[in-house]
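Subject: The structure you asked about

Hi there,

Here is the structure I promised to pass on. Have a look at it first, and then read on for what turned up in it.

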Amino acid sequence: RRRRRIKLNPHTPRRYEDPSGYFTTPRIDPPAAPGNSSSGHGLLNPLFPVTNGSYWAYAVMLLALVLFAAGIVGNLALMCIVWHNFYLKSAWNCILAGLAFWDFLVLFFCLPVVVFHELTLKRLLGDLSCRLVPYLEVTSLGVATFSLCALSIDRFHAATGPGPLQTPKVEPCQSILSKLSVIWVGSLVLAAPELLLWQLLQETVDVCVREPSAELPDSIYSLVLTYHEARMWWFFGCYICLPLLFTLACDLVTRQVLSQRVPQKPGGEKVTSRCSSSSSSSSATKKKQHVREQRLRSTVMALTILYIACNLPESICNITLAYVSDHVSAQLPALVLPALGLIGQFLLFVRCSATPVLLLFLCRSLGQCCPLVMDLILFL
C-alpha cells in the first residue's frame with residue numbers, strides 16, 4: 001500500500017492520514033439515527049424514541065453494566081485478598097494483584113468513557129480522555145504481558161531449584177516492590193508515546209484520531225511519527241507474540257525438568273517394614289507438590305490463553321485493514337470500521353473482567369478467601 005511521505009516544514013501544518021485506530025473509534029462520521037439527532041451542543045438520546053438503533057444502545061449498556069460489575073467486584077476482591085492476608089504476600093500473588101489493579105483502572109475509567117461516546121457521540125473530559133484512555137489501555141497490555149512473563153519465570157525457578165518444589169512464599173516488601181516496579185515502570189514508559197499520538201476533533205461528532213500534533217517540536221514529532229508507522233507491528237510482536245512464545249517456552253522447559261525429577265521405582269525393589277511409613281509419607285508429599293505445581297502452571301497457561309484470545313482478533317483485523325486495497329476498503333459499509341473498533345475495545349474489557357474470576361477459580365489459596373472478602377466488599 002502506497003504511503004505519502006511527510007516533509008517537516010515549520011510553515012505548513014503537519015497532518016497524517018490514518019484510516020483506523022487501534023483502541024478508539026476510527027475517524028468515520030456515523031450517520032445520525034432518525035429521531036435521535038440533536039441540534040447545537042445537545043447530547044444524543046439513543047434510548048428514546050425507540051428505533052432500531054435503540055436496541056443496539058440497550059445491548060451496549062447491558063453488556064457494559066455486566067462487565068463493569070463483574071470486573072470491579074472481582075478485581076477489588078483479588079486485591080483485598082492479597083492485601084489483608086499476610087501469608088499470601090508473595091511475589092506471585094502480588095503480581096496478580098498488580099494485574100488486577102490495572103484491570104480495575106481500565107474498567108473504572110475507560111469503560112464509562114467509551115460507552116458514553118458510543119451512545120452520545122460526545123467525549124467525556126474532552127481531549128484529556130482522548131489521550132488518557134489509549135494510554136491506560138496500552139499500559140494495561142504491557143502490565144499483562146510482563147506479568148505473564150514474570151509468572152512463567154517464577155515457576156521455572158521453582159522447578160529448577162536445588163531443593164524440593166517451592167510454593168510461592170512470603171517475601172520482603174522491598175523484593176516485591178522491585179519486581180512490581182520493573183513491570184509497571186516498563187509498561188508506563190512503553191505506552192508514553194500514546195499521550196502524544198492522539199487528538200480530539202470536534203466536528204459534527206467528537207472523534208479521536210491518531211494524528212501527531214503540529215505543535216510538537218520537530219525532533220519529538222519525528223519520533224512520534226516513527227512510533228505511529230511501527231505501532232501496528234510493534235503491538236503484534238510485543239503484546240501478542242512475546243507473552244505467547246515466552247510462556248510456551250517456559251512451560252515446555254519446566255515440564256521437561258519436572259519429568260526428570262519424578263522419582264521412578266524399580267520393578268523388583270522391595271521396601272522394608274521399618275522404612276515403609278517414611279517412604280510413603282515422603283512420596284505423598286512429593287505428589288502433593290507436583291499437583292500444586294501443575295495447578296500453578298495451568299493458571300499461567302489459562303491466563304495466557306485468555307489474554308491472546310481477547311487481543312489477537314483486534315491485531316489481525318488492523319493488519320488486514322492496513323494492507324487491503326483502497327478500492328476494497330471504500331466498498332465497506334460506513335459502520336463496519338466503527339463496529340470493529342468497538343468490538344476490539346469490548347474484548348479488552350472482557351479480559352479485564354474475566355481475569356479475576358478465572359484466578360479466583362484456579363488459585364485455591366485465593367479462592368478460599370473469596371467469600372469473606374466478598375462479604376466485606378458488599379458491607380462497605
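Predicted model: local features only at pLDDT ≥ 70, side-chain atom pairs only at ≥ 80, totals over all residues.

Accessible areas here come from the Shrake-Rupley method with a 1.4 Å probe. On that basis, the chain has an accessible surface of about 20600 Å², and 67% of this belongs to carbon and sulfur atoms.

**The overall picture**

The chain has 380 residues, and 42% of them count as buried. It holds 11 helices and 2 strands. Reading from the N terminus, the order of elements is α-α-α-α-α-β-β-α-α-α-α-α-α. Among contacts with a separation of 6 or more, 80% are between residues 24 or more positions apart.

The UniProt record, an unreviewed entry, lists residues 55-84, 90-116, 182-201, 232-254, 300-324, 330-350 and 357-379 under "transmembrane region". I looked at two of these spans in the model. Residues 232-254 are 100% helix and 0% strand, with 32 Å between the end C-alpha atoms. Residues 300-324 are 96% helix and 0% strand, and their end C-alpha atoms lie 36 Å apart.

**The nonpolar core**

Which residues have the most contacts inside the largest nonpolar core? They are Phe-346 and Phe-349, in a core of 67 residues. At least two residues of this core come from each of α1 (52-84), α2, α3, α4 (173-190), β1 (198-202), α6 (218-261), α7 (273-323) and α9 (336-362). The largest share, 17 residues, is supplied by α2.

Leaving aside neighbours within four places in sequence, Phe-346 is in contact with Val-60, Leu-63, Ala-64, Leu-67, Leu-111 and Val-115.

Asn-75 sits in helix α1. Its relative accessibility is 0%, so Asn-75 counts as buried. Beyond its neighbours within four places in sequence, Asn-75 is in contact with Ala-100, Asp-103, Phe-104, Leu-107, Cys-352 and Pro-356.

Ile-240 has its place in helix α6. Ile-240 also counts as buried, because its relative accessibility is 5% and the cut-off for buried is under 20%. Not counting residues up to four places away in sequence, Ile-240 touches Phe-235, Ile-308, Asn-311, Leu-312 and Ser-315. The C-alpha atoms of Ile-240 and Thr-304 are 9.8 Å apart, while the two residues are separated by 64 residues along the chain.

**Salt bridges**

How many salt bridges does a search of the whole structure find? There are 6. Three residues, Asp-251, Arg-255 and Arg-297, are linked in a network of them.

Take Asp-251 and Arg-255 to begin with: their side chains meet at 2.8 Å, N to O. Both are in helix α6, 4 residues apart, so about one helical turn separates them. Arg-255 is partly exposed, at 45% relative accessibility, whereas Asp-251 is buried, with a relative accessible area of 10%.

Asp-251 also forms a salt bridge with Arg-297, with the closest N and O atoms 3.4 Å apart. Arg-297 lies in helix α7 and Asp-251 in helix α6, so this pair ties together parts that are 46 residues apart in sequence. Both Arg-297 and Asp-251 are buried.

Another of the salt bridges joins Asp-154 and Arg-155, where the closest N and O atoms are 2.9 Å apart. Asp-154 is partly exposed, with a relative accessible area of 23%, whereas Arg-155 is buried, at 3%.

**A patch on the surface**

Finally, a word on the outside of the model. Leu-124, Leu-125 and Leu-128 form a nonpolar patch on the surface, and together they have about 280 Å² of accessible area. Leu-125 is found in the loop between α2 (91-120) and α3 (127-160). Is Leu-125 buried or exposed? Its relative accessible area is 56%, and the cut-off for exposed is over 50%, so Leu-125 counts as exposed.

Best wishes

Definitions and conventions: Residues numbered from 1 in each chain as written. Heavy atoms only, no water. UniProt positions renumbered as here; feature names shortened; annotations may be inferred. Patch = residues over 30% accessible without salt bridge, like charges linked within 9 Å, V, L, I, M, F, W, Y side chains within 5 Å. Salt bridge = Lys/Arg side-chain N within 4 Å of Asp/Glu carboxyl O. Buried < 20%, exposed > 50% of the residue type's maximum accessible area, 1.4 Å probe, protein only. Core = buried A, V, L, I, M, F, W, Y, C linked by side-chain atoms within 4.5 Å. Contact = heavy atoms within 4.5 Å.
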